[in-house]
Amino acid sequence: MKKDFYEILGISKNADAAEIKKAYRKSALKYHPDKNPGDKEAEENFKLAAEAYEVLSDPNKKAKYDQYGHQAFDGSGGFGGGHGGMNMDDIFSQFGDIFGGGFGGFGGGGGGGPRRAKGSNLRIKVKLTLEEIANGVEKKVKVKRKVQAKGATYKTCTTCNGQGQVMRVTNTILGRMQSASTCPACGGSGQILDKKPSEADSQGMVLEDETVSIKIPAGVVDGMQLKVSGKGNDAPGNSIPGDLIVAIEELEHEFLKREGENVHYDLYISFPEAVLGISKDIEAINGKVRIKLEEGIQSGKILRLKGKGIPSINGYGNGDLLVHVNVWTPKTLNKEQKQFFENALNDDHFIPSPEKSEKSFFEKVKDMFS
């Protein structure tokens, strides 16, 4: 079972951005590999702290984590920044500024050394049926990625000495101010192209098609984004590939309507069926389900089939299938049928007489959303 991100950083769920950053810096400095050479446990704690900070420092990711927990990000592809998809270079590339000047990259001995650039992310949209969302699915998608061309070689950028940034000092009314900006010569990669193959672009890159397998957990929601680490574009030189961001789009079902983890189905029956009762086969997520309607069932009745809805993405069981019974009133009748109902107008059996236990329409709606 994965450890809670708040517990890893030793903060409460109400911690603000400054407290989260402070807690991460404290933890990262404590378990930094330069302070704990060869200590595998410290290295693991260092990665866990980075994973927790990556999620909690991002307001959108934090909101999803607070609502869905680890399931909102985890998947076999390292969705959402699980440290299984991060290495030391990932961490220093993304969060190195937090450590200040006291430490460098992994094994840097405090000297800093040339940085490793990270390639840009790729974004795709994956359309899922309700059945795929309910059961989880593995999708294979073809993406065009920028990768380093065979034969391309790189050398350290002399403008920034491989740092990817240049420092600028300006005089202000408050004194001399120092700021860092992306190196204009290498674009922040720290390396420039030395040998360019004929088929490569100005950065030594070529476009390649790659089929990526994405395991999507059950219970995802429309608009949720998953991350497959390392399946984005390469960057020049000794770089870290970007990530593949997968946006979920839920396709509308022909009969079922999703509401969170519950699913709704409108069942229409005839007046004779409502009077006499009947067994009906209705649509469910994984095939048809037979239900029995008792004699005299009322229009507006809601039948709840436990566990026939969508699985919770947090693993807390399944939602329900709510069957809304609608008695269909015919608009045209033949002479004989019309005579029958005219005679029924004065029949006590057809006078509405709801039981006190029968809930009103508004009470039923209230129960649905409570």
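Reader: Okay, axes here are lines fitted to C-alpha atoms, for helices over the stretch in contact, and angles run from 0 to 180 degrees between N-to-C directions. At what angle do helix H3 and helix H4 pack?

Author: About 105 degrees, with the axes 6 Å apart. Keep in mind that this is a predicted model. H3 covers residues 40-56 and H4 covers residues 59-68.

Reader: What do you call that, roughly parallel or roughly perpendicular?

Author: Roughly perpendicular, because the range for that word is 65 to 115 degrees.

Reader: Which residues meet there?

Author: On the H3 side you have Glu54, Val55 and Leu56, and they meet Lys61, Lys62 and Tyr65 of H4. Sorted by class, that contact has 3 nonpolar and 3 charged residues, with no polar ones.

Reader: Switching to sheets. What's the strand order in the one with S10?

Author: S10-S11-S15-S14, an open sheet of 4 strands with mixed pairing. Its twist averages 30 degrees from one strand to the next.

Reader: Which strands stand at the edges?

Author: S10 (256-259) and S14 (302-305). Each has a single partner strand, so one side of each has no neighbour in the sheet.

Reader: How is S10 tied to S11?

Author: They run antiparallel, joined by 4 bridges, and Arg258 has Val263 in S11 as its bridge partner. The two strands make a hairpin with 2 residues between them. In the turn, Gly260 has a positive phi of about 65 degrees.

Reader: New topic: Ser239. Where is it found, and is it buried or exposed?

Author: Ser239 is in the loop between strand S8 (225-228) and strand S9 (244-250). Ser239 counts as buried because its relative accessible area is 11%, and the cut-off is under 20%.

Reader: What does the Ser239 side chain reach?

Author: The backbone oxygen of Ala235, at 2.5 Å.

Reader: Last one, zooming out. How many helices and strands does the chain have?

Author: The chain has 9 helices and 15 strands. It has 370 residues, and 38% of them count as buried. Of the contacts between residues at least 6 apart in sequence, 66% join residues at least 24 apart.

Definitions and conventions:
Residues numbered from 1 in each chain as written. Predicted model: local features only at pLDDT ≥ 70, side-chain atom pairs only at ≥ 80, totals over all residues. Heavy atoms only, no water. Buried < 20%, exposed > 50% of the residue type's maximum accessible area, 1.4 Å probe, protein only. Polar contact = N/O pair within 3.5 Å; in protein donor to acceptor, adjacent residues only side chain to side chain. Parallel < 35°, antiparallel > 145°, perpendicular 65-115°, else oblique. Contact = heavy atoms within 4.5 Å. Nonpolar A, V, L, I, M, F, W, Y, C, P; charged D, E, K, R; others polar. Pairing = 2+ DSSP bridges.
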